[in-house]
Amino acid sequence: MHMADKARGLWKTPAIEVLRARPGQRIAELDCGSTPGFVGGKSDGLALFEERGTVLSSLQEKLYANGRSGDSRSVLLVLQGMDTAGKGGMVRHVIGHVDPQGVDHASFGVPTPEEKGHHFLWRIDKALPRGGQLGVFDRSHYEDVLVVRVHDLVPEEIWSGRYDEINQFEKELVAGGTTLVKVAMFVSLDEQKSRLLERLERRDKYWKYNPSDVDERRLWPAYQDAYQAMLDETSTDYAPWYVVPCDRKWYSRIAVTELLIDALEKLDLDWPPAAFDIEAEKRRLAES
Ligand code: AMP
Ligand code: MG
């Protein structure tokens, strides 16, 4: 069977449809262990992941090739999620399928003193992908309406205006030729507990553990409200959110792979034409 047919067979509903944030959708009711749209199990998912990774890689190479020929378009994957949701693994495994030359990766932690002195979009603007690049944000400008809102890091009158600011910013970004793929990654409270425990039990995982992650767990309901507001306020036609259940890593990874493939396919990329006379170059080469 042709792979695209197999992929279609295992996805009863395409990821791009089934995961798109719906108006009125309640995050608190999301089953983080579910595999929306996918009818296969883990082994199907893992096999498919490799196959589709190859497709993703060749589409990304076309994007890169076009960028080298002056095409200013780009794709930006925005990953938002609580600690342990699997943002790092998403980058390592999904983005790991493509040529690192074509990836503009940025992660956003607690703002530096310099960043604090600027508008919250300043550091984001500097990290946007160049033409032809696949940008990846591990956390993003959305932290400024998530952690900032939950911890009252700025007054409400400031953070509440940021939803509109973000929408305006993203509208301009999209108009400038960047396709945004915004992925909200949701892990359950129980699964988070076992992933944090693993970080405490394995020498190779201590480095990922942060004692404050346990304090953040107490703020889970406040984070859920903040994530809900983020989806309600910033899922737009030009930059929709995709809500991805992440308790099963194999599922979240094939889902995001499909979202990226879809975004790249919509660019309708072809290999750039030769910028030289092919026959003349063949002759010159033969004579050399
Ligand atoms: P990690 O991704 O585990 O390295 O953690 C980065 C930390 O930086 C997280 O706790 C984020 O909530 C925090 N962070 C990211 N952006 C902001 C921001 N704009 N203001 C405050 N904290 C932030
Ligand atoms: Mg962390």
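Mentor: About 30 Å³ of space lies in the largest cavity, and the count comes to one cavity of 30 Å³ or more. Here a cavity is a set of points on a 1 Å grid, over the protein atoms alone, where a 1.4 Å probe fits but cannot get out; points join across faces, edges and corners, and the volume is the space filled by probe spheres set on them. The model is predicted, so local features need pLDDT of at least 70 and side-chain atom pairs 80 or more, while totals for chains, interfaces and linings use all residues. Residues are numbered from 1 along each chain, chains are lettered from A and ligands numbered from 1 as written, and side-chain values use heavy atoms without hydrogens or water.

The lining (an atom within 4 Å of a point) is made up of Ala85, Gly86, Gly89, Met90, Met185, Lys249, Ser252 and Arg253. By class that's three nonpolar, three polar and two charged residues, with Gly counted as polar and Met as nonpolar. Helices are DSSP runs of H or I, at least four residues, and strands are E runs of at least two.

Now follow Met185, one of the lining residues: its bridge partner in E5 is Val244. Five bridges join E4 (178-186) to E5 in parallel, and two strands pair at two bridges or more by DSSP. They belong to an open sheet of five, ordered E2-E3-E1-E4-E5. E2 (103-107) and E5 (241-245) have a single partner strand each, so one side of each is left without a neighbour in the sheet.

Notes:
On a 1 Å grid over the protein atoms alone, a cavity is a set of points where a 1.4 Å probe fits but cannot get out, and a pocket is an open set with protein on both sides within 12 Å along at least five of seven lines; lining residues have an atom within 4 Å of a point.
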